[in-house]
Amino acid sequence: MELLFYLWQYLVEGFGLIIAYVFAAIFIFLVLRQFHSRKITAALVAIFIGVSIAFYVPHGMPKELAYPLALSSFGPGERPDLPFRNVFHFFRNFNNFERISDIAKDPTDLPKTVVYGEDGVVEINVTTKEVIAEMADGTTFNYWVFDNTVPGPFLRVREGDTVRLTIHNDETSLHPHNIDLHAVTGPGGGAAATIVAPGESKTLTFKALNAGLFIYHCAFGNPGLHMTHGMYGLILVEPKEGLPPVDKEFYIVQGEFYSSSTLGRDGLQLFDTQDYLDGKPQYIVFNGKTGALMDNMTANVGDTVRMYVGNGGVNLVSSFHVIGEIFDRVYREGDLVSPPAEGLQTTLVPAGGAVMVEFTVDFPGNYVLVDHALARVDRGAWGVLHVEGEADPSIYDGDIQSGGGH
Ligand SMILES: [Cu+2]
């Protein structure tokens, strides 16, 4: 029943199409019969149906169902479409997937310091899972996640640390998963060593040789396919001397989602392989869904704010900007070794990359975070930092819009 509800729009659309085709065919048949013999009429109707199908098939059903039967691709891994048997597998298992009420990672949910085990090793446990959650009100996706959120947990270690990472794939998953951490020096960033079938666990030990802010992601099968289902997060390797203290830290990762329906359509959204290959995401969001960063980022006038910003990709480069602020320091591309750039407006976050920005908030109001390729804002790529405190008219003297954009 629940599945019917999710697929209602597809069913209605399909049903409407069948009615339209059948009655169009009958109508044309009746009209043609007035002028021709039965045989010629039947031939003309057959031509009508044949031409209709020929036009419809390349643009219609295969894309709607998002399981192209004749797709070629030339990457080193699997093709980016979901294998056809997965359609049945997915719907048969539909009731077993966990429903997550809020897939978005809370941007304030990050460890403030590195946590060491008794043996001095940083112990990390992550669980991969395939779940159902909302991208927007009434719009549902099949997300694949690390620890039930997008992005996954913020991992924090220090340069020179030994890290023991255990990955577990929940038994309800339909696919194997793994983890490739860009902070790892070694083949595949750990990918080959951490492939876990549903129900399986594996452990990888690595030494964090380089300081920096790094993306981690699933790299199993067709890595981009797994990433664009939500399998990414950030790992911070602090320099040996640590990072300077700040008042507020926020964790933000941009990502893209490819749905077979148009933007904003209700119901369960199937993955669209063609849009994925074309780089035309329907949703471009911070922290996994639209509206994820509306009311959970606050600071006070005078605070120093640090944002760890990643980009899970898989096609777009983000032009990260905070409207009404200038970044005091930008650790470009997550480089924590070189001195930061200063006084920047917009900074690039590469697909599969990150940036660390710091700024002091000097004036109260709402500061909107965007990907400044601004059409993406309409697809969801924005959030708000709310700043409270005393207004200094020598800095800014004018109307303030509260609760909204600027
Ligand atoms: Cu995966």
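Q: Which residue stands opposite Leu348 of β18 in this predicted model?
A: The model is predicted. Strand β15 covers residues 318-322, and four bridges join β15 to β18. The two strands run antiparallel. The residue opposite Leu348 in β18 is Ser319.

Q: Which residues of β18 form the covered face?
A: In a regular strand, side chains alternate between the two faces of the sheet. β18 has an uncovered face with Thr346 and Leu348. The covered face of β18 holds Thr347 and Val349.

Q: Which strands stand at the edges of the open sheet?
A: Five strands form this open sheet, in the order β13-β21-β20-β15-β18, with mixed pairing. An edge strand here has a single partner strand, so one side is left without a neighbour in the sheet. The edge strands are β13 (298-300) and β18 (346-349).

Q: What is the average twist from one strand to the next?
A: The sheet in question is the open one, ordered β13-β21-β20-β15-β18. From one strand to the next, the twist averages 25°.

Q: How many of the ten residues of β10 are buried?
A: A residue counts as buried if 20 or more other C-beta atoms lie within 10 Å of its own. Strand β10 spans residues 248-257 and is mostly covered. Its buried residues number nine.

Q: What is the bridge partner of Ile252 in β14?
A: β10 is joined to strand β14 (residues 304-311) by seven bridges. This pair runs parallel. In β14, the partner of Ile252 is Val309.

Q: Which residue of β12 stands opposite Gly255?
A: Strand β12 covers residues 283-286 and has four bridges to β10. β10 and β12 run antiparallel. The β12 residue opposite Gly255 is Val285.

Q: Is Leu270 buried or exposed?
A: Leu270 sits in the loop between β11 (267-268) and α7 (273-278). Within 10 Å, 22 other C-beta atoms are found. The cut-off for a buried residue is 20 or more, so Leu270 is buried.

Q: How far apart in space are Leu270 and Asn142?
A: In sequence, Leu270 and Asn142 are 128 residues apart. In space, C-alpha to C-alpha, the distance is 7.9 Å.

Q: How far apart are the C-alpha centres of domain 1 and domain 2?
A: The domain assignment gives domain 1 (2-59), domain 2 (85-246) and domain 3 (249-388). Between the C-alpha centres of domain 1 and domain 2 lie 47 Å.

Key: Residues are numbered from 1 along each chain as its sequence is written. This is a predicted model: local features need pLDDT of at least 70, side-chain atom pairs count only at pLDDT 80 or more; totals for chains, interfaces and linings use all residues. Two strands pair if DSSP finds at least two bridges between them. Axes are lines fitted to C-alpha atoms, for helices over the stretch in contact, and angles run from 0 to 180 degrees between N-to-C directions. Domain bounds come from an automatic or database domain assignment. A residue is buried if 20 or more other C-beta atoms lie within 10 Å of its own, exposed if 12 or fewer, and partly exposed in between; C-beta atoms are placed from the backbone.
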